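The reader may wish to keep the display open while following the text.

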Amino acid sequence: MPAAPPDLLESVIGVAPDSALSRLRALRPDIVRHTQGSHDVLLSPADPGGLSLPERALIAARVAEQSHHAALASHYRALLAERGDPPPDKRLETILQHVERVTMAPRTAHPAHIEALRAVGLTARDIVALTQIVAFVSYQVRAAVGLALLTEGQAA
Amino acid sequence: MKATRFTLEAVDWEPWLAPVTVESATPAQRAALEASPQANSAYFRTLANDVDSLSERSPLFHAVMYVPRGLKRAERELATVVTSIINGCIYCSSVHARRFVELTKQPEIIRALYETGLDTPLEPRLRAIVDYAARLTREPATMTAADLAPLRAVGMDDLEIHDLTNAVAMFANANRLMQTLGEPIPPDDSTPSAA
């Protein structure tokens with residue numbers, strides 16, 4: 001077995017190993033494990049299907065930026081820099097429009113938006129993966145903010 | 001026709017993508033569905049199109065909502081209803097409002113939130129939960145440690161605040177999946193609602 005991966009949420013917040021917050025999180029081991037696990041399968045899947053690794057990193061970066069979370073945005077921008085930018089074409093434009101809609105105004109979604117994604121080549125699996133990435137980063141931003149507030153409380 | 005009103009009745013959900021069917025499911029999809037709250041629902045079968053993410057999300061969801069100790073289950077449910085109301089997720093709100101009522105026998109709290117709004121008068125502990133859930137849903141980036149003061153004032157400890165945070169965060173996730181991969185369908189008008 002490889003060594004356990006570093007915990008992204010704790011590194012983003014700047015939590016020291018064995019700090020009070022780290023011990024608190026350890027009371028919920030399944031949350032820690034599957035938060036990191038969700039990140040790993042969405043951002044770095046063994047088989048990315050029709051949604052490329054650069055596209056996945058860019059989608060996550062956009063969600064973090066639109067949610068105004070600087071530390072997560074820089075994590076995903078760094079991942080994108082390693083992978084290189086996806087080609088700026090109609091496909092990418094359609095994907096990023098949908099990313100902004102799901103991030104900022106999910107109630108405005110419409111079946112026509114799914115058809116637009118299909119028209120630029122995304123399969124059902126790719127569309128679910130895209131949506132899961134946006135939904136996951138939206139979760140991750142709020143989990144990171146709440147945990148960071150708890151560490152501030154402890155420092156005070 | 002799409003459901004457009006928040007309700008305490010059961011709401012159905014119709015996908016905009018073909019869900020995986022029981023017959024077509026791979027062994028991995030079948031396993032991921034069996035670990036989900038309702039293996040046969042169209043929603044989880046839609047998510048099963050990307051099996052690896054469903055395989056991580058279902059145990060995450062379960063841990064956030066149902067792990068014992070810490071924040072009471074009813075209070076987690078209430079927080080998810082607040083998030084769902086703000087995001088406009090009629091389906092999520094219906095499911096979790098009904099869970100809250102099953103646990104508390106207090107439908108009047110949900111009706112007040114639906115009809116009067118999130119600023120309806122509530123006892124102090126519920127008020128603190130509703131306000132924190134609303135802030136974390138709407139504008140997480142502007143929050144400070146001062147946002148925890150009302151939770152501390154009603155006696156919440158760090159584990160309860162941790163659990164509350166995760167419940168709200170999980171529904172930032174659930175509402176986005178539910179509202180952008182399909183739509184809520186009202187209960188059939190011709191059928192009397194089940195008791």
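**A helix and its surroundings**

In this predicted model, the buried residues of α5(B) pack against β1 (12-15), α4 (73-87), α6, α9 (158-180) and β2 (182-185) of chain B. Those buried residues are B:I90, B:Y91, B:C92, B:S93, B:S94, B:V95, B:H96, B:A97 and B:F100. The helix α5(B) itself has 15 residues, and from its first C-alpha to its last it reaches 21 Å, close to the 21 Å expected at 1.5 Å a residue.

What follows α5(B)? The helix is followed by B:K105, whose phi is positive, near 55°. Most residues other than glycine have a negative phi. B:K105 is not a glycine, yet its phi is positive at about 55°. The residue lies in the loop between α5 (90-104) and α6 (107-115) of chain B. B:K105 counts as exposed because 9 other C-beta atoms lie within 10 Å, and the limit for an exposed residue is 12 or fewer.

**Chain B as a whole**

The secondary structure of chain B consists of nine helices and two strands. Read from the N terminus, its elements follow the order β-α-α-α-α-α-α-α-α-α-β. Chain B has a radius of gyration of 17 Å, close to the 16 Å that the globule rule gives for 195 residues, so it is as compact as a globular protein of that length. Along the principal axes, the C-alpha trace of chain B spans about 55 × 40 × 30 Å. Of the 195 residues in chain B, 47% are buried. Among the contacts in chain B with a separation of 6 or more, 69% are between residues 24 or more positions apart.

Chain B is also divided by its domain assignment, which gives domain 1 (12-66) and domain 2 (73-180). The centres of domain 1 of chain B and domain 2 of chain B, taken over C-alpha atoms, are separated by 25 Å. In the contact between them, six residues of domain 1 of chain B meet seven residues of domain 2 of chain B. On the side of domain 1 of chain B that touches domain 2 of chain B, α2 (42-47) and α3 (51-66) of chain B each supply at least two residues. The most comes from α3(B), which gives three residues to that side of domain 1 of chain B. By residue class, the side of domain 1 of chain B that touches domain 2 of chain B divides into six nonpolar, no polar and no charged residues.

**The partner chain**

Chain A has eight helices and zero strands, and from the N terminus its elements run α-α-α-α-α-α-α-α. Its radius of gyration is 17 Å, close to the 15 Å that the globule rule gives for 156 residues, so chain A is as compact as a globular protein of that length. The C-alpha atoms of chain A fill a box of roughly 50 × 40 × 25 Å along the principal axes. Buried residues account for 46% of the 156 residues of chain A. Of the contacts in chain A between residues at least 6 apart in sequence, 73% join residues at least 24 apart.

Two loop residues of chain A deserve a look. A:H68 sits in the loop between α4 (53-66) and α5 (70-83) of chain A. Phi of A:H68 is near 60°, a positive value in a residue other than glycine. A:H68 is partly exposed because it has 14 other C-beta atoms within 10 Å, whereas a buried residue has 20 or more and an exposed one 12 or fewer. A:T108 is found in the loop between α6 (90-104) and α7 (111-119) of chain A. Is A:T108 buried or exposed? A:T108 counts as exposed because it has 12 C-beta neighbours inside 10 Å. From C-alpha to C-alpha, A:T108 and A:P17 are 42 Å apart in space, and in sequence they are 91 residues apart.

**Where the chains meet**

The contact between the chains takes 44 residues from chain A and 42 residues from chain B. On the side of chain A that touches chain B, α3 (29-43), α7 and α8 (124-155) of chain A each supply at least two residues. The largest share of that side of chain A, 22 residues, comes from α8(A). The residues of the side of chain A that touches chain B divide into 26 nonpolar, twelve polar and six charged.

Key
Residues numbered from 1 in each chain as written. Chains lettered and ligands numbered in written order. Predicted model: local features only at pLDDT ≥ 70, side-chain atom pairs only at ≥ 80, totals over all residues. Helix = DSSP H or I, 4+ residues; strand = E, 2+ residues; numbered from the N terminus. Contact = placed C-beta atoms within 7 Å. Nonpolar A, V, L, I, M, F, W, Y, C, P; charged D, E, K, R; others polar. Domains from an automatic or database assignment. Rg over C-alpha atoms; globule rule 2.2 N^0.38 Å. Expected span 1.5 Å × (residues − 1).
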